[in-house]
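Biologist: I have a chain open here and would like to go through it with you. Can we start with the strands and then move on?

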Amino acid sequence: MNSASQNFAHHLAALRERMLHPTDYELAVHYFLEEFAGDAAFVKASDPEQMPHLVAVLEHVLSQMIGSRVDLEGALVSHLPEHRFVHGNARTNERIVLFFYFQDEDKGMLMPIPGVRSQGEVARFQMTGGLHHPQRN
């Protein structure tokens, strides 16, 4: 439990596989919470980054889930560049939002807690054109 930092390649591959499951997204959510969320070394190994394009996509997806326009507050976006993996959290409408994104697959997941209609809900998203880093262009 909470051992992602002991072998990033292995745990990220397992998370990716679960996220890409055609119907059971909760597999990825549970794995992320069990292996990544409480791993202090994982958080410490990640670089904080400003990713306004990602935050805008997250706001759009959450707005669709909730049924009205929402803004993310205090978005903390972190990046493991060597694994092309982005993760983070934010707040909105009295909810905590966890998210992660695989750059190579151009797919990610977000989880508002509590969910909109139930305790836990999940949305998988894709960013058309991938993730842009203005400071690196």
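Biologist: Which residue in S4 does His87 stand opposite?

Modeller: His87 stands opposite Phe100 in S4. Before going on: this is a predicted model, in which local features need pLDDT of at least 70 and side-chain atom pairs count only at pLDDT 80 or more, while totals for chains, interfaces and linings use all residues. Residues are numbered from 1 along each chain as its sequence is written, and side-chain values use heavy atoms, with hydrogens and water left out.

Biologist: What counts as a strand, and when do two of them pair?

Modeller: Strands (E, at least two residues) and helices (H or I, at least four) are DSSP runs, numbered from the N terminus. Two strands pair if DSSP finds at least two bridges between them.

Biologist: How many bridges join S3 to S4?

Modeller: Eight, and the two strands run antiparallel. Their hairpin has two residues between the strands, and Asn93 there takes a positive phi near 45°.

Biologist: And what about S2 and S3, how many bridges there?

Modeller: Six, again in the antiparallel sense. Ser78 stands opposite His87 in S3, and Leu80 stands opposite Phe85 in S3. This hairpin has four residues between its strands, with Arg84 in the turn at a positive phi of about 55°.

Biologist: Which strand does S1 join?

Modeller: S1, residues 47-48, is joined to S2 by two bridges, and they run antiparallel. Pro48 stands opposite Ser78 in S2.

Biologist: Is S3 mostly covered or mostly open?

Modeller: Mostly covered, as six of its eight residues are buried. Buried means under 20% relative accessible area, exposed means over 50%, and partly exposed is in between, with a 1.4 Å probe and protein chains only.

Biologist: New topic, helices. Which residues of H2 are buried?

Modeller: H2 covers residues 26-35, and its buried residues are Ala28, Val29, Tyr31, Phe32 and Glu35. An α-helix has 3.6 residues a turn, so residues three or four places apart point the same way.

Biologist: What covers the buried residues of H2?

Modeller: The cover includes helix H1 (8-19), S3, strand S4 (95-102) and strand S5 (107-113).

Biologist: Why does Ala14 count as buried?

Modeller: Because its relative accessibility is 11%. Ala14 is found in helix H1.

Biologist: Now pockets. How much space lies in the largest pocket?

Modeller: About 160 Å³. A pocket here is an open set of points on a 1 Å grid over the protein atoms alone, where a 1.4 Å probe fits, with protein on both sides within 12 Å along at least five of seven lines; lining residues have an atom within 4 Å of a point. The volume is the space filled by probe spheres set on the points, which are joined across faces, edges and corners.

Biologist: Which strand gives the most to the lining?

Modeller: S3, with three residues. Helix H3 (40-45), strand S2 (73-80) and strand S3 (85-92) each supply at least two. Lining residues include Phe32, Ser78 and His87.

Biologist: How many of the lining residues are nonpolar, polar or charged?

Modeller: Seven are nonpolar, four are polar and none is charged. Ala, Val, Leu, Ile, Met, Phe, Trp, Tyr, Cys and Pro count as nonpolar, Asp, Glu, Lys and Arg as charged, and the others, Gly among them, as polar.

Biologist: Last one: how many helices and strands are in the chain?

Modeller: Four helices and six strands. Buried residues make up 45% of the 137 residues.

Notes:
Contact = heavy atoms within 4.5 Å.
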